[in-house]
Amino acid sequence: MKAALFFSFGVLLAAVAHAQQYGFTNFVGQPGVSGFADGTGTAARFVGPHSLKLDDTGNLYVADLYAQAIRKVTPAGEVSTVINFHDYIPMMSKWVADVAVDNSGRLFATDGADNAIIWQFTPNGTNWDVRWMPPESGFSGWVDGPVAEARFKNPTGLALDAAGNLYVADWGNNAIRKLTPQGTNWVVSTLAGNPTAGYADGVGTNALFNGPEYLAVDGAGNVFVADSLNNAIRKITPAGLVTTLAGGPHAGRADGVGTNAQFEAPHGLAVDSFGNVFIADSYNSTIRKITPQGEVTTVAGLAGQFTHAEGVGSDARFNQPYGIAVDSVGDLYVAEYMGFNISKGVPAQELQIHNTGGGIQLDVTGPIGSSYAVEYTDALSGTASWQALTTLTLTNTVQSVTDSSVPSPTQRIYRTVQSQ
């Protein structure tokens, strides 16, 4: 068994809940050291890790902006270069702003230098078939229709839904565009927004954004937008209804519910299977979490501290976090743009205790799939006898159990013991 965590609670006292925290360690790259090298763990080097996406098998794809490359990181931390843009069009300057990967292994990327195209890379043996969308670069605009005729302006963020539709944060047009597969082709439409910068909820092109940067899509097809210059996280339903999930329009660092919370230039975001949205709050240098109810908490980092340090919660530090991804067990991956590394965060093992009036509610926090014995004693001494309350295998990062047998008045002490 692993080390137990002990928490005491006097049943006549109120307990104060606190935000779930994550413990972060460096995963790949050498913090503070820029370079371009494949390798394992700290032997790898990045020039500007800008955004992250996970495939179905747990491989991480990194848009390494100034390296002009797409990098791949295995679950074991082995870094390789899968796309080097110099190999395809050496005469053109290409900054890889974002990347997406579909179930067939196709890669998509936005070009932050040409400002008007989306790249599609289809596996072909050990090579890639390359396609520009639209087929000419440098022709920006706001035009829907077949992808050969469509126009974008400074496209940045990318996200795919379960049906294979590709969503684009069209930064220069202040719009979210949708590419729908049609045979081997694509048809472009505007899901929400229009070239007028602003801040307004609404339906379709009646909604206003200001510099939408990055996207994530949940299992129901809702699109979440980091509306960076509005300092807000917006939500778009499949029907195009835009609402503000949290934040905006004034920059800040406050936790809270809905528009009472504040962000400063949020960039990357990711959504887990429970509908929680995680945000790389870049200019605060923190990692934030929004529940489906719109409650915003800071799960790691300390606002205003732009450096790298491993740690739990506010003891962790990030050097301008840009990209973020969340895997199937709730672990987080963060691209530290100015730290030249990728950090990994796991839910910190915690036990939170609340007096509900009808018993003691215990909230057990830890990685999904981990198992715990929840035990209690009514007296701590050298011969304290711990009694089993229950055992839990977490199906969420936070799971609750109630102890309704507490005698009153008394002090009861609880602990969790993690199984191997």
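Is S285 buried or exposed? S285 is buried, with a relative accessible area of 0%. Buried means under 20% relative accessible area, exposed over 50%, and partly exposed in between, with a 1.4 Å probe and protein chains only.

Some ground rules. This is a predicted model, where local features need pLDDT of at least 70, side-chain atom pairs count only at pLDDT 80 or more, and totals for chains, interfaces and linings use all residues. Residues are numbered from 1 along each chain as its sequence is written, and side-chain values use heavy atoms, with hydrogens and water left out.

Back to S285. The residue is not a glycine, yet its phi is positive, about 60°. S285 sits in the loop between strand 24 and strand 25 (286-290). On naming: helices (H or I, at least four residues) and strands (E, at least two) are DSSP runs, numbered from the N terminus.

N154 also has a positive phi without being a glycine, near 55°. Its place is the loop between strand 12 and strand 13 (155-160). N154 counts as partly exposed, at 24% relative accessibility.

Next, cis peptides. One joins M133 and P134, with omega about -5°. P134 falls in the loop between strand 11 (127-133) and strand 12 (145-146). Another runs from G248 to P249, with omega near -15°. P249 belongs to the loop between strand 21 and strand 22 (256-257).

Now the core. The largest nonpolar core has 16 residues. By nonpolar core I mean a set of buried Ala, Val, Leu, Ile, Met, Phe, Trp, Tyr and Cys residues joined through side-chain atoms within 4.5 Å. Which residues have the most contacts inside it? They are I233, F263, L269, V277, I279 and I290. Elements giving two or more residues to this core are strand 18 (212-217), strand 19 (223-227), strand 21 (241-247), strand 23 (266-271) and strand 24 (277-281).

Look at I233. Leaving aside neighbours within four places in sequence, I233 is in contact (heavy atoms within 4.5 Å) with residues including V225, L245, F263, L269, I279 and I290.

On to aromatics. The whole structure holds eleven aromatic pairs. Take Y66 and W95: their ring centres are 5.5 Å apart and their planes are at 75°, so the pair is edge-to-face. The cut-offs: rings of Phe, Tyr and Trp (its six-membered ring) pair if their centres lie within 6.5 Å, with planes under 30 degrees apart stacked, over 60 edge-to-face and the rest tilted. This pair links distant parts of the chain, 29 residues apart. Y66 is in the loop between strand 5 (60-64) and strand 6 (69-73), W95 in the loop between strand 7 (78-84) and strand 8 (96-101). Y66 is partly exposed, at 42% relative accessibility. W95 is partly exposed too, at 36%. Ring pairs join Y66, W95, Y322 and Y337 into a cluster.

Rings also meet charges. The charged end of R234 sits over the ring of F209, 4.9 Å from its centre. K344 lies over the face of F27, 5.9 Å from the ring centre. The test is NZ of Lys or CZ of Arg within 6 Å of the ring centre and within 35 degrees of the ring normal.

Salt bridges next. How many does the structure hold? Eleven salt bridges, each a side-chain nitrogen of Lys or Arg within 4 Å of a carboxyl oxygen of Asp or Glu. R106 and D102 meet at 2.8 Å, N to O. R106 is partly exposed at 23% relative accessibility, while D102 is buried at 15%. D170 and R177 meet at 2.7 Å, and both are buried. D281 and R288 also bridge, at 2.7 Å; both are buried. Bridges with shared partners join D38, D64 and R71 into one network.

Last, two buried polar residues. D98 lies in strand 8 and is buried at 0% relative accessibility. What does its side chain touch? The side chain of D98 makes a polar contact with the side chain of S51, at 2.6 Å. The backbone nitrogen of L158 lies 2.7 Å from a polar atom of the D98 side chain. A polar contact is a pair of N or O atoms within 3.5 Å; within protein, one must be able to donate a hydrogen and the other to accept it, and residues adjacent in sequence count only if both atoms are side-chain atoms.

Q399 is in strand 35 (residues 398-403). Q399 is buried at 19% relative accessible area. The backbone nitrogen of T395 lies 2.8 Å from a polar atom of the Q399 side chain.
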